[in-house]
Amino acid sequence: MTTRVRLRVEGIVQGVGFRPFVHGLATGLGLTGFVGNDAQGVFVEAEGPAADVEKLVRAIKSDAPPLAVIEGISAERVEPAGDRTFVIVTSQAGGERQALISPDTATCEDCLRELFDPADRRYRYPFTNCTNCGPRFTIVTDVPYDRPFTTMSGFPMCDDCAAEYHDPTDRRFHAQPTCCPVCGPSLSLVPPAQGDPILVTAELLAAGKVVAVKGLGGYHLAADATNDPAVSALRSRKHREDKPFAVMVRDLVAGREIASISEEESVLLTCPRRPIVLLERREDSPLAVGVAPGNREIGLMLPYTPMHHLLAGAFDSPFVLTSGNVSDEPIAYHDLDARERLARIADAFLVHDRPIHMRTDDSVVRVVRGVELPLRRSRGFAPQPLRLAAPVPRPVLACGAELKHTFCLAKGSRAFVSHHIGDLENFETYRSFTEGVEHFCRLFDVRPEVVAHDLHPEYLSTKYALELADVELVGVQHHHAHIASCMADNGTAGPVIGVAFDGLGLGTDGTIWGGEFLVAELDRFDRVGHLATVPMPGGVKAIKEPWRMAAAYLGDGSPDLDVARRHGRDWERVLAVARAGVNSPLTSSAGRLFDAVAAILGVRDRINYEGQAAIELEQRADPAERGAYDAGIEGDAPFQVRGHDLVLAAAGDLRAGAGIAAIAARFHHGVARAIVSGCVAARDRTGLGTVALSGGVFQNVLLLTRTVTGLEAQGFAVLLHSRVPANDGGISLGQAAVAAALMARVRHACVPNPGH
Ligand code: ZN
Ligand code: ZN
Ligand code: FE
């Protein structure tokens, strides 16, 4: 019996080879009909014997092309039309735009084979790509996703490429960025040099030079990772004192010489997203000390463009590949700007003539307890939407916080969390935030009606929100946003016990929060407990100088401790300032608690990047140590966890001659134990058995694993992040979830109860 079905496929289904895939399936089954693209995705009509039509529908779901992400398929039976063949029809314009844009994707196996095949016309061509791989988000200038609306518009296809592009049986059918040595972009060196630019770059690296390399989402700085003077030169010229550099190696085998790599980690290293993966560094690794000072870990990534494959093949030794910028500025991506900003850092530039439209940093992930934990969600991930548990009634823009900034647009059931923007502290990053919002609104056809923002009035993201006209504003408390982010990440609406531990965020009472126990739903929260507050002597100075927090916590001065001796008269002054409460805002920040202990143990008195003291303290902790300090809990509604007890115990052990490694471990275990006690106290009051952990402090693996183990031992279900970072990079998703829930509540209240 002949049947005909009409299918609608939604998700990332354009520019990923979906139409030829359906065409191939349908003709293989002997069906007739058509497939095409429109503003919502892909539409199909297929006609033939019922069993074969069934087979087609099943295969569309199960065998979709590698880059396709199917969010939904709807099917309806229609009258047979009696077509003779199955064809790909031309794209239809119109309708509300819903089509999605794929993230940039690492070179596929087929393209790699061509790249290294001397007989192939793309042999050693650094811009080889196809429908299954290559640049996407970084080159799209407008919608619909078509070559004229990408930065490939200036490269008309040669006859050979055009023939592939128009052949439905070819891997490059409608591959918008497809090109070849005849018609596509090319590499060059600045200053110009004789020979293959890749080989010359490899020689420069071998000679200890720093080379700026234009990549997919911006410029990187490259240097021989085994060459101490080269790495030191890169550090001093970049003004980056100790923040670890990421390293690229040619393949997993080379990676295993540097770090131990588990099964899960190797999957992440080689997946099409190709993030930087944080790994445990081998003690005998050949890396220069300056690559990741004071760190037992190393961020590794594998080549993700043909150019990287060629360079890694030619250099054949690990090389640093760090963002092309000076200290905290955003990564350079415009050629003229890069040449200017990186002139004093790079000895040479390896560049190409394909413009980058969207600046996108490398993503960073790690594996904890066998599960992927995102630390920076950017290249390879953005702008793939996250699915929301419930659709938003009206379009939302969530403006994010300040550090590790992202923003988020939500429409229907989709949340588009932006690529990593950076720290919103200068004009450059602020501009990439505002331009990014405009770009996303255009690409995804969103006109925000509700705008969510942090409560902190000084954040540039808050100021931006407050200046928007004709929108409804929703202020979301920072730590509520963290917990909401974790709930949205896990697809739950709560209620949960939320533990939000981070550096700082403005509380609803005007103090600085950061060690919070909340009972939270998406649309409301109650602060049931927090770390006992301490003064931050000198305000922001105390963030940069952890020794000030040591003084604040010790209070009595503890003049016998080394940390007090190191600072002499300054120590006394800071104590007096804290006691008098002059420029010493109160905080319950967990980050500052870690800072205090790091300073007391002599790990770090001043930081060069956010979170450094805590990161180094974690690195120093002895993995074999079992002991844990105790923190008292006092008061009620909200209860207070006495962080002071942990600090005093650490200082006491230090006086008694215990080792730094043992004390650091006992402190971490003590914080984990205090979190568990706080959650038990919250459960006693509420009966809730689910805990959501969020905030940048939970990037600390030792603390995280200890806390999860402790909570599970007490019978709690624990929610962690897996799609957005626990740090402030995940805040925008939480803000969007809160705004959506508030809207739904308002709407709900207006709906008359049908039963009465
Ligand atoms: Zn490919
Ligand atoms: Zn060509
Ligand atoms: Fe935060």
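Before the sites themselves, one term: four donors count as tetrahedral if all angles lie between 85 and 135 degrees. Also, what you see is a predicted model.

Take the zinc ion that is ligand 1. Its protein donors are the SG atoms of Cys108, Cys111, Cys130 and Cys133, lying 2.3 Å from the ion. The angles among these 4 donor atoms run from 102 to 120°, and the site is tetrahedral. Along the sequence, the donor residues follow the spacing C-x2-C-x18-C-x2-C. Cys108 and Cys133 link distant parts of the chain, 25 residues apart. Cys108 is in the loop between strand S5 (86–88) and helix H3 (109–115), while Cys133 is in the loop between H3 and helix H4 (159–165).

Are these two cysteines buried or exposed? The cut-off for buried is under 20% relative accessible area. Cys108 has 14% relative accessibility, so Cys108 counts as buried. Cys133, at 0%, counts as buried too.

Now the zinc ion that is ligand 2. Which residues coordinate this ion? They are Cys158, Cys161, Cys180 and Cys183, each through SG, at 2.3 Å. Here the angles among the 4 donor atoms are 103 to 117°, and this site is tetrahedral. The spacing of its donor residues in sequence reads C-x2-C-x18-C-x2-C. Cys161 lies in helix H4 and Cys180 in the loop between H4 and strand S6 (187–190), so this pair ties together parts 19 residues apart in sequence. Both Cys161 and Cys180 are buried.

That is all I have for today.

Methods:
Residues numbered from 1 in each chain as written. Chains lettered and ligands numbered in written order. Predicted model: local features only at pLDDT ≥ 70, side-chain atom pairs only at ≥ 80, totals over all residues. Heavy atoms only, no water. Donors = N, O, S within 2.8 Å, 3.2 Å for Na, K, Ca; no water. Tetrahedral: all angles 85-135°; square planar, octahedral: opposite > 155°, others 65-115°. Helix = DSSP H or I, 4+ residues; strand = E, 2+ residues; numbered from the N terminus. Buried < 20%, exposed > 50% of the residue type's maximum accessible area, 1.4 Å probe, protein only.
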